[in-house]
Amino acid sequence: MTDLRSDFMKSFQERGYMHQCTDLEALDTAFNEKTVTAYIGFDCTARSLHVGSLMQIMILRLMQKMGHKPIVLMGGGTTKIGDPSFRDESRPLIDDAGIQDNMNGIKKVFEKFITFGDGPTDAVMVNNDDWLAKLEYIPFLREYGRHFSVNRMLSFESVKIRLDREQSLSFLEFNYMILQAYDFVELKKRFDCMLQIGGSDQWGNIINGTELGRRTNNFNLYGLTTPLLTTSSGAKMGKTASGAIWLNEDMLSAYDYWQYWRNTEDADVGRFLRLFTELPLDEIARLEALEGAELNDAKKILAGECTKLAHGEEAALAAAETARQTFEMGETAESLPTTEIPTSELDEGIPAFALFNRVGLSQSSSEARKLIKGGGARVNDEKVADEKRILTSADVNETGRIKLSAGKKRHHLILPA
């Protein structure tokens with residue numbers, strides 16, 4: 001490890017956030033000597049962020065706790081283009097109303113993690129559409145476009161991969177990295193922001209911003225990236241077979257969120273405790289050293305701490321109790337995710353595979369059929385033997401519900417309404 005002096009950079013490194021930095025020694029000095037303003041950008045491609053963005057949110061929280069000022073940059077403008085980094089195809093374009101709806105949903109995530117206000121270390125949330133929408137094309141090209149080399153832009157890994165796979169890269173998308181670079185310059189002018197933080201896939205875009213600031217205004221800007229986040233088995237963080245692990249409770253229940261962390265692979269427990277909780281490092285070292293059945297206790301602590309941050313302590317405790325009742329006592333807990341289905345619809349009958357897909361226990365009807373064929377689907381704790389089985393009001397159990405289970409750990413209640 002590099003010998004760092006500032007509290008923020010030391011913690012950043014010790015918790016496993018460190019990947020690349022444009023000038024580590026100078027940035028560490030800045031964090032040690034003054035209040036640093038830094039930003040992370042989030043495009044508005046859905047009504048919530050998912051677990052794949054959680055590391056960046058935790059970094060903003062860490063910054064604020066250590067006396068620095070975070071900026072949450074909402075990509076109201078850049079979402080109109082779509083970031084092409086490491087994607088095989090263009091993102092679907094979203095209209096203005098859709099972007100605003102997504103932005104409203106995403107804002108709710110940050111209110112749980114960081115404090116907004118007018119104080120020196122209070123976070124601010126800004127929308128890059130405030131300045132990008134006002135740009136005049138020809139003046140922008142003359143003032144900023146001339147500082148970008150197409151040859152160099154084509155050399156960035158994110159672009160090379162797209163071209164090597166012979167996937168079309170539109171001129172619209174090609175402009176994304178220029179606009180992101182301009183964002184950095186604009187945030188420096190407006191908020192004296194000196195640092196952009198992002199995932200490793202954003203390194204090229206961040207470098208563009210630091211260089212544009214130097215060339216146009218002689219700004220001294222810094223870039224800092226985090227490693228690509230995957231599970232020990234190589235799976236990408238944020239999505240599972242049953243769908244995205246959203247951070248907003250209206251898109252994923254606190255119970256399902258708790259279960260996601262409870263199901264962490266053994267090899268990831270220590271790393272995830274460092275990245276996604278605020279437990280002391282010595283306590284994390286103790287927990288990750290546990291073996292066998294005791295490691296399950298560490299996973300429950302991980303699930304509880306993560307859920308507490310995203311949904312509050314009460315929701316975390318309720319999720320843990322629901323899990324205890326469901327798995328340790330064999331009871332159907334009241335707080336399991338529930339979907340109301342009209343009684344008239346149940347009277348007519350619904351194919352089991354369709355109902356599993358409808359409540360989110362599978363991503364598609366075909367996946368639900370495979371789940372049933374593989375013996376992983378249960379209704380009221382009994383295996384579904386026939387993929388053509390029809391569920392009706394006759395399947396409502398003594399609790400007044402139908403309990404659907406996908407595997408041993410994912411459950412959903414159907415409530416006749």
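1. Glu211 is buried, its relative accessible area being 18% (buried means under 20% relative accessible area, exposed over 50%, and partly exposed in between, with a 1.4 Å probe and protein chains only). Glu211 forms a salt bridge with Arg215, the closest N and O atoms lying 3.7 Å apart, where a salt bridge is a side-chain nitrogen of Lys or Arg within 4 Å of a carboxyl oxygen of Asp or Glu. Arg215, by contrast, is partly exposed, with a relative accessible area of 42%. The two residues are four apart in helix H11 (residues 203-217), which means that about one helical turn separates Arg215 from Glu211; helices (H or I, at least four residues) and strands (E, at least two) are DSSP runs numbered from the N terminus.

2. On the basis of the model: this is a predicted model, in which local features need pLDDT of at least 70 and side-chain atom pairs count only at pLDDT 80 or more, while totals for chains, interfaces and linings use all residues. Residues are numbered from 1 along each chain as its sequence is written, and side-chain values use heavy atoms, with hydrogens and water left out.

3. Asp395 and Arg389 are joined through their side chains by a salt bridge of 2.8 Å, N to O. Asp395 is buried, with a relative accessible area of 14%, whereas Arg389 counts as partly exposed at 25% relative accessibility.

4. Beyond these pairs, Arg61, Lys65 and Glu278 are linked in a network of salt bridges. The search of the whole structure finds 19 salt bridges.

5. Turning to the sheet, five strands form an open sheet with mixed pairing, in the order E9-E15-E14-E11-E12, two strands being paired if DSSP finds at least two bridges between them. Strands E9 (338-341) and E12 (382-383) stand at the edges with a single partner strand each, so one side of each has no neighbour in the sheet. Strand E11 (residues 377-379) runs antiparallel to E12 and is joined to E12 by two bridges, with Val379 standing opposite Glu382 in E12.
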